[in-house]
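Subject: Handing over the model

Hi,

Here is the structure I promised to pass on to you. Please have it open while you read, as my notes go through it piece by piece.

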Amino acid sequence: MKVFENISLKPYNTFGIDVKARRVVVLEPGDDLSGKWKVESGKCLVIGAGSNMVFTKDYEGTVITLSKTFHLSPFTSHLVTAWGGMVMDDLIQWTLDHGLYGLENLSAIPGTVGASAVQNVGAYGAEAKDFIERVEAYDLQERRHCTFSNADCHFAYRDSFFKHHPGRYLILRVTYRLSREFVPNLSYKALEGLPHDTAQQLREAITEVRWNKLPRPEEHGSAGSFFKNPVVDESTYLRLKAEYPDMPDAHRSDNGYKLSAGWLIDRAGWKGRTQGRAGVWPKNALVLYNADGCSGDEVRALAAAIQQDVKQKFGVALDPEAIII
Ligand code: EPU
């Protein structure tokens, strides 16, 4: 375990926002979590790669994060248990190298294994919940280890049990149930026509599609999709579709019709615009980015202006996927 006092959180959030934390604790796979260290309740924040966070001020408590160490527990034929701090994309490459399939559609999502469970990350017709067998966590409140089955995690679209208990659970390990047989999942429209003879080919093609729509992290910070795709009722969907025939068809979900937030923001005229030092990515209106060393407040102000405008133009409320702290 490494402890740093009063350091910048810039390397710990993908937006690259430069605020300070009073303390940052970085855990390693073998660390004993009982005793030794203490966090004040309510003054603790657990972060993965910080790929979904916007800091608007210095954090006056302890930030806990897991080292990015590549660490797997011994695995059975199709269950793989990975350290929560591992970069998700590194795990995906490893699984394909070892003939284990399923995660390839989640390629190039910028986050950690732990975050895949907290956020139920998803892309191109797949979601982490489809593969997660169990999650091992440390409960910082009760100070004990606990294990969650897939059902215990209450997974939903970009949501989980853990998301509703921020600062309480450290996701130490996630076990994924994978397949020995590669069955390409091409259900998502944007994947039509992509090469898919092997999982590696599909992974590379998806990676390219993704990176064509997202800022390169070494050039501009961002949090991936900034807003969730809004779910509306049937009458709202039909009203919008009649008024805007060019609107992409909604995906039917259990609780309504899921619209494309990117399209709404784009159609409202925000794509490529900047406000202060924060901007809307020119190739994807769903992505807000750090145009030039922006503050969290600038991101928040831009997000609020977009929400207000989309609400006014389409009558649809946008809910951020990113967490504003
Ligand atoms: N669109 C526009 N203009 C834009 C952006 C999108 O018209 O500026 C349209 C597209 O043409 C398409 C539709 O909106 O018809 C949907 O766009 P896309 O397929 O790119 O997917 P998305 O719904 O915007 C979601 C996830 C992404 C994930 C992609 C691909 C959410 C919030 N976002 O985006 O996840 O990569 O699908 O599966 O669900 C993330 O969560 O960080 C993320 C990148």
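Below is what I found, from the overall form down to single residues.

**Overall form**

Please keep in mind that this is a predicted model. The chain holds six helices and 19 strands. Its radius of gyration is 20 Å, close to the 20 Å that the globule rule gives for 325 residues, so the chain is as compact as a globular protein of that length. The C-alpha trace spans about 60 × 50 × 35 Å along its principal axes. Of the 325 residues, 52% are buried. If you look at contacts with a separation of 6 or more, 61% of them join residues 24 or more positions apart.

Nonpolar side chains tend to be buried together in soluble globular proteins. In this model the largest nonpolar core has 54 residues, and those with the most contacts inside it are L91, L103, V135, F148, L170 and Y176. Strand β11 gives the largest share of this core, six residues. Domain 1 (2-66) and domain 2 (79-159 + 167-209) both contribute residues, so the core lies between them. Another core, of 48 residues, lies apart from it, and V24, Y237, L259 and L318 are among its members.

Leaving aside neighbours within four places in sequence, Y176 touches H78, L79, V80, M88, L91, L103, V113, S116, F131, I132 and E133.

β6 runs antiparallel to β11 (residues 169-177), and five bridges join the two. Within that pairing, W83 stands opposite R173.

**Helix α4**

Which residues of α4 (residues 234-243) are buried? They are T236, Y237 and L240. Viewed down the helix axis, these buried residues fall within an arc of 100°, so they line one face of α4. They pack against β13, β15 and α6 (296-314). The face turned away from the buried side carries the exposed residues S235 and A242. Y237 also belongs to the core of 48 residues.

β13 and β15, which α4 packs against, sit in an open sheet of three strands with the order β13-β15-β14 and antiparallel pairing. β13 (231-232) and β14 (251-253) stand at the edges with a single partner strand each, so one side of each has no neighbour in the sheet. β14 pairs with β15 (residues 256-258) over three bridges, and R252 stands opposite Y257.

There is also an open sheet of four strands, antiparallel in its pairing, with the order β12-β18-β17-β16. Here β12 (222-225) and β16 (274-275) are the edge strands, each pairing on one side only. Three bridges join β17 (residues 278-280) to β18 (residues 287-290) in the antiparallel sense, and G279 stands opposite Y289.

**Single residues to look at**

Most residues other than glycine have a negative phi. A108 has a positive phi of about 70° although it is not a glycine. You will find A108 in the loop between α1 (88-97) and α2 (113-118). Its relative accessibility is 5%, below the 20% limit, so A108 counts as buried.

R158 likewise is not a glycine, and its phi is positive, at about 50°. R158 sits in the loop between β10 (144-149) and β11. With a relative accessible area of 12%, R158 is buried.

Is E321 buried or exposed? At 8% relative accessibility, E321 counts as buried. Neighbours within four places in sequence aside, E321 is in contact with N52, Q119, R158, K163, S225, F226, F227 and K228.

Happy browsing, and write back whenever you like.

Best wishes

How values were computed:
Residues are numbered from 1 along each chain as its sequence is written. This is a predicted model: local features need pLDDT of at least 70, side-chain atom pairs count only at pLDDT 80 or more; totals for chains, interfaces and linings use all residues. Side-chain values use heavy atoms; hydrogens and water are left out. Two strands pair if DSSP finds at least two bridges between them. Buried means under 20% relative accessible area, exposed over 50%, partly exposed in between (1.4 Å probe, protein chains only). A nonpolar core is a set of buried Ala, Val, Leu, Ile, Met, Phe, Trp, Tyr and Cys residues joined through side-chain atoms within 4.5 Å. Domain bounds come from an automatic or database domain assignment. Contact means heavy atoms within 4.5 Å. The arc is that of the directions from the helix axis to the C-beta atoms. The radius of gyration is taken over C-alpha atoms; the globule rule is 2.2 Å times the number of residues to the power 0.38.
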